[in-house]
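Keep the structure in view as you read.

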Amino acid sequence: QVQLVELGGGLVQAGGSLNLSCVSSGCIFRINTMEWYCQAPGKSRELAASISRTAITSYADFVKGRFNISRDNAKKMVWLQMNSLKPEDTAVYYCNADISTSWYSSSDTWGQGTQVTVSS
């Protein structure tokens with residue numbers, strides 16, 4: 001069974017930084033696109049950043065210039081470096097990955113989420 005586990009959330013003051021990590025485990029043939037989503041209280045889940053297997057990145061406007069997504073294919077990990085944090089960045093952050101368990105099968109897998117709280 002494939003699992004994603006996020007680490008690194010916590011409480012930080014506005015202007016501070018956090019580095020989220022997400023590690024994959026299980027019977028994995030290949031990890032394709034990896035993404036970070038955020039869900040603020042009372043709001044729907046939003047895509048914050050994504051990275052392809054070949055490290056092509058894209059960012060939502062609300063994190064562009066402040067967050068950086070990176071990955072290590074050998075370690076099956078993805079990170080989200082969050083800088084210049086704002087109170088409005090407070091949310092649960094979820095790791096998502098399109099994971100292939102064979103040449104013919106892939107599925108969308110979610111982590112359990114990690115809370116990020118930014119105080120003003």
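This is a predicted model. The structure holds one disulfide. A disulfide is a covalent bond between the sulfur atoms of two cysteines.

Which parts of the chain does the pair link? Distant ones: cysteine 22 lies in strand S3 (residues 18–25), and cysteine 95 lies in strand S9 (residues 91–100). The two cysteines are 73 residues apart. The torsion about their S-S bond is about -80 degrees, so the disulfide is left-handed.

Now take two further cysteines. Cysteine 27 is in no disulfide. The sulfur of cysteine 38 is too far from the closest cysteine sulfur for a bond. A disulfide needs sulfur atoms within 2.5 Å. The table gives the distances.

| Cysteine | Nearest cysteine sulfur | Distance |
|---|---|---|
| Cysteine 27 | Cysteine 22 | 17 Å |
| Cysteine 38 | Cysteine 95 | 13 Å |

Are they buried or exposed? Cysteine 27 is exposed, with a relative accessible area of 55%. Cysteine 38 counts as buried, at 7% relative accessibility.

Next, the sheet. Four strands form an open sheet in the order S1-S3-S8-S7, with antiparallel pairing. Strand S1 (3–7) and strand S7 (67–72) are the edge strands, and each pairs on one side only. From one strand to the next, the twist averages 15 degrees.

Strand S3 meets strand S8 (residues 77–82) through six bridges, and the two run antiparallel. Opposite valine 23 stands methionine 77 in S8.

Terms used: Residues numbered from 1 in each chain as written. Predicted model: local features only at pLDDT ≥ 70, side-chain atom pairs only at ≥ 80, totals over all residues. Heavy atoms only, no water. Buried < 20%, exposed > 50% of the residue type's maximum accessible area, 1.4 Å probe, protein only. Pairing = 2+ DSSP bridges. Axes fitted to C-alpha atoms, helices over the stretch in contact; angles between N-to-C directions.
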